[in-house]
Amino acid sequence: SYFLSPLCKSVVAVDPGALAEPIPENVKHLSKRVEECDFTGLAFDILVCDMNVPVQALLVLTIRKLDPQIPLPKLLILTAKRFGGKKTQETQGKSYEEMVNDIVDELRKSYGFVETIQLMSNKSTERTIVARKSG
């Protein structure tokens, strides 16, 4: 969030924990779980969500909660995490990788660039999804 803040007008960081001070002026910290967030009327350029949310819930709890009256953020950075082992994640008959691919496919409907990456800071059970609007 902090690294990207100089590149845009507004960043929303979803994290129930405290952010390190000083928080840049253009970073709005939603200090709650993403399930509790209300994005109604909130316009921003970048959404960063590194929450402990099961991968199958990530899309519903972020993209589909955004206010349809406000343009989508130009950049999304979401962390897809696998919880409870392989058996728990595959309750929908899909593997973790297939569920991540479903999120990527959904994001490609609205974003020109979508990529899944394994950051050095990600555990083996985490993938970071980056989606950027064209233009």
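**Figure 1. The whole chain, with its contacts and its fold.** Among contacts in the chain between residues at least 6 apart in sequence, 53% join residues at least 24 apart. Keep in mind as you look around that this is a predicted model. The chain holds 3 helices and 6 strands, and reading from the N terminus their order is β-β-β-α-β-α-α-β-β. Of its 135 residues, 41% count as buried.

Figure 2. In soluble globular proteins, nonpolar side chains tend to be buried together. Here the largest nonpolar core has 26 residues, and Val12, Val14, Phe39, Leu107 and Ile129 are those with the most contacts inside it. Which elements give two or more residues to this core? They are strand S1 (11-14), strand S3 (46-49), helix H1 (55-61), strand S4 (75-81), helix H3 (96-107) and strand S6 (126-132). Helix H3 provides the largest share, 6 residues. Another core lies apart from this one; it has 10 residues, including Leu4, Val27, Ile46 and Val130.

**Figure 3. An aromatic pair at phenylalanine 39.** A search of the whole structure turns up 1 aromatic pair. Its partners are phenylalanine 39 and phenylalanine 44, whose ring centres are 6.1 Å apart with 50° between the planes, a tilted arrangement.

**Figure 4. Lysine 65 and phenylalanine 39.** Find lysine 65 in the loop between helix H1 (55-61) and strand S4 (75-81). Lysine 65 and phenylalanine 39 are 26 residues apart in sequence, yet their C-alpha atoms are 6.7 Å apart in space.

**Figure 5. Lysine 9 and its contacts.** Lysine 9 lies in the segment before S1. Its relative accessibility is 74%, so lysine 9 counts as exposed, the cut-off being over 50%. What does lysine 9 contact, leaving aside its neighbours within four places in sequence? The residues in contact are Asn26 and Asp45. Lysine 9 and aspartate 45 are 36 residues apart in sequence but 6.6 Å apart in space, C-alpha to C-alpha.

Figure 6. A disulfide is a covalent bond between the sulfur atoms of two cysteines. How many disulfides are counted here? The count is 0. Take cysteine 37: the nearest cysteine sulfur belongs to cysteine 49 and is 7.4 Å away, so cysteine 37 is in no disulfide, as the two sulfur atoms would have to be within 2.5 Å. Cysteine 37 counts as buried, at 4% relative accessibility.

**Figure 7. A cis peptide bond at proline 22.** Most residues other than glycine have a negative phi, and most peptide bonds are trans. Look at the bond from glutamate 21 to proline 22: this peptide bond is cis, with omega near -5°. Proline 22 sits in the loop between S1 and strand S2 (27-30).

**Figure 8. A charge over a ring.** Here you can see arginine 132 lying over the face of phenylalanine 113. The distance from the ring centre is 4.7 Å.

Terms used: Residues are numbered from 1 along each chain as its sequence is written. This is a predicted model: local features need pLDDT of at least 70, side-chain atom pairs count only at pLDDT 80 or more; totals for chains, interfaces and linings use all residues. Side-chain values use heavy atoms; hydrogens and water are left out. Buried means under 20% relative accessible area, exposed over 50%, partly exposed in between (1.4 Å probe, protein chains only). Helices (H or I, at least four residues) and strands (E, at least two) are DSSP runs, numbered from the N terminus. A nonpolar core is a set of buried Ala, Val, Leu, Ile, Met, Phe, Trp, Tyr and Cys residues joined through side-chain atoms within 4.5 Å. Rings of Phe, Tyr and Trp (its six-membered ring) pair if their centres lie within 6.5 Å; planes under 30 degrees apart count as stacked, over 60 as edge-to-face and the rest as tilted. A charge sits over a ring if NZ of Lys or CZ of Arg is within 6 Å of the ring centre and within 35 degrees of the ring normal. Contact means heavy atoms within 4.5 Å.
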